[in-house]
Amino acid sequence: MSVIKVAILGFGTVGEGVYRTIQSHSEELTATLGKKVEVAAVLIRNTQKKRNISENVLVTTEFADILNLDQLDVVVEAIVDKEPTFTFLKSAIQRGCHIITANKEMFAHHGKELLDLAAEKRVSVGFEATVAGGIPVIQTLRQLLNINRVKQVRGILNGTSNFILSEMREKKQSFAQALVLAQENGYAEADPTNDVEGFDAFYKTMILSRLAFGEEPNWQDVEREGITSITSELIEAAETAGLRFKHIASITRLGGQIKATVKPALVGKENPFYHVEGVQNAVNVQSDIVGEITLQGPGAGMFPTASAVVEDLVHVCLNPTVKRNLTRSQEVGTEFSKHDDKQETWLVHRLTHKPITPAITWIEEVEEGTYVINASSKEVKQLAKQQKNLLYFPIIGEYERVNQVKAALKAL
Ligand code: NDP
Ligand code: HSE
């Protein structure tokens, strides 16, 4: 039986998960591909670390050793940083290998170049693991929603941030304690700033934008904010109002314009993201034919990510050339309304005094200094300028006036 030879670059959480899954699911791989899949080589950096790798596998710190193998069909990349990864993957494509990557930072920066080069060399690129861990959202957009015109994609795209927010709310852990746990579980990036400041979710958002709309917004125009301003006190205030904090990425295309934000927001019980807890991620796609689809699943960790990679392995081997170039011409709707003037619902926190202005509707005082209001983002920003330390977060969807309802029930 012929063999598919794979090299794995990196043997951390993801690399080791892929290695172990190729061993544990070799029967399924052989049955699906009609060929045996063998890991021929693993690239590492630190030769002192103990690793459980078969002695038949070449373990090396030199990428050149891997490129020089007699047979090499697929290169799986699970390293960190843009370089030397991009250079490695370009060389792998030049050699005629399919490539699979989990590295969203590199892919957000260089994905287009890799896809173009792969198309020229008639090999495939798998990047399912770059967004939302084990959720097959890339293949859903790439293969299953070709005719639908996508209007909006919203997602909880960072497992570490969602895990931290859940631990703080459910187990009353501090931010720092929850982050350490996320690191111990292998969810966090080598530099967790990428997770908690929203950079990781931003890269994933740009990859989704390219898939859903064929293009990206200007990176500088994307409002990006992480979860570091969310305190336990804020989480409790939100709970009192029947709301939960989620770190949400949103991309919308209207009138030839793409608008993206990556920031914390609040959702109520009716929102599909309300019950997405722990390391789970979720992606909600709105398109014209099917309507709304929400995919949910583990967003990080060894085996969920390995799942995305080995499914890509099958896909690149069975569909060896790129069929579509990820451009979409369709668009839906008209112009964005003047976004800054649109009325939205907000939770504002640490309000020292209520200004007298007809532009703000005061819906509810959740607790002292914390209000739910209706206002335009322009007004809220104005308020934040006037009142130092004010924090404000959008509420997505209908706000249920829980306290008023509770009060009314009590009064009965
Ligand atoms: P780890 O830090 O656990 O592992 C990184 C691995 O890469 C290590 O084995 C390290 O080698 C190796 N490495 C780093 N730089 C080099 C280099 N220059 N040359 C050779 N080897 C190198 O990271 P993860 O496994 O968590 O993440 C890997 C990639 O996958 C990242 O891009 C991450 O963003 C992405 N990802 C991670 C997920 C997760 O849940 N952890 C989920 C989805 C994507 P050594 O062991 O010798 O130090
Ligand atoms: N650090 C990332 C996260 C890994 O927490 O979502 C998965 O991409």
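Figure 1. I8 counts as buried, because its relative accessibility is 0% and the threshold for burial is under 20% relative accessible area. The structure shown is a predicted model. I8 belongs to strand 1, which covers residues 3-9. When neighbours within four places in sequence are set aside, the residues in contact with I8 are G15, V18, Y19, V39, A41, V42, L43 and V76.

**Figure 2. The residue pair I8 and T101.** These two residues stand 93 residues apart along the chain. Their C-alpha atoms are separated by 9.9 Å.

**Figure 3. Residue T370 in strand 15.** Strand 15 spans residues 370-376 and includes T370. T370 has a relative accessible area of 0% and is therefore buried. Apart from neighbours within four places in sequence, T370 is in contact with A237, L347, V348, H349, E364 and E365.

**Figure 4. Domains of the chain.** The chain is divided into domain 1, residues 3-126, domain 2, residues 137-298, and domain 3, residues 340-411. Taken over C-alpha atoms, the centres of domain 1 and domain 3 are 50 Å apart.

**Figure 5. Fold and overall dimensions.** The secondary structure of the chain consists of 14 helices and 16 strands. Along the principal axes, the C-alpha atoms fill a box of roughly 75 × 45 × 40 Å.

**Figure 6. Burial and contacts within the chain.** Of the 412 residues, 53% count as buried. Among contacts in the chain with a separation of 6 or more, 71% are made by residues 24 or more positions apart.

**Figure 7. Surface and charged side chains.** The chain exposes about 18900 Å², and carbon and sulfur atoms supply 48% of this area. There are 45 positive and 51 negative side chains in the chain. The centres of the positive and negative sets lie 2 Å apart.

Definitions and conventions: Residues are numbered from 1 along each chain as its sequence is written. Chains are lettered from A and ligands numbered from 1 in the order in which they are written. This is a predicted model: local features need pLDDT of at least 70, side-chain atom pairs count only at pLDDT 80 or more; totals for chains, interfaces and linings use all residues. Side-chain values use heavy atoms; hydrogens and water are left out. Helices (H or I, at least four residues) and strands (E, at least two) are DSSP runs, numbered from the N terminus. Buried means under 20% relative accessible area, exposed over 50%, partly exposed in between (1.4 Å probe, protein chains only). Contact means heavy atoms within 4.5 Å. Accessible areas come from the Shrake-Rupley method with a 1.4 Å probe; for residues, only the protein chains shown count as cover. Lys and Arg count as positive and Asp and Glu as negative; His and the chain ends are not counted. The place of a charge is taken as NZ of Lys, CZ of Arg, CG of Asp or CD of Glu. Domain bounds come from an automatic or database domain assignment.
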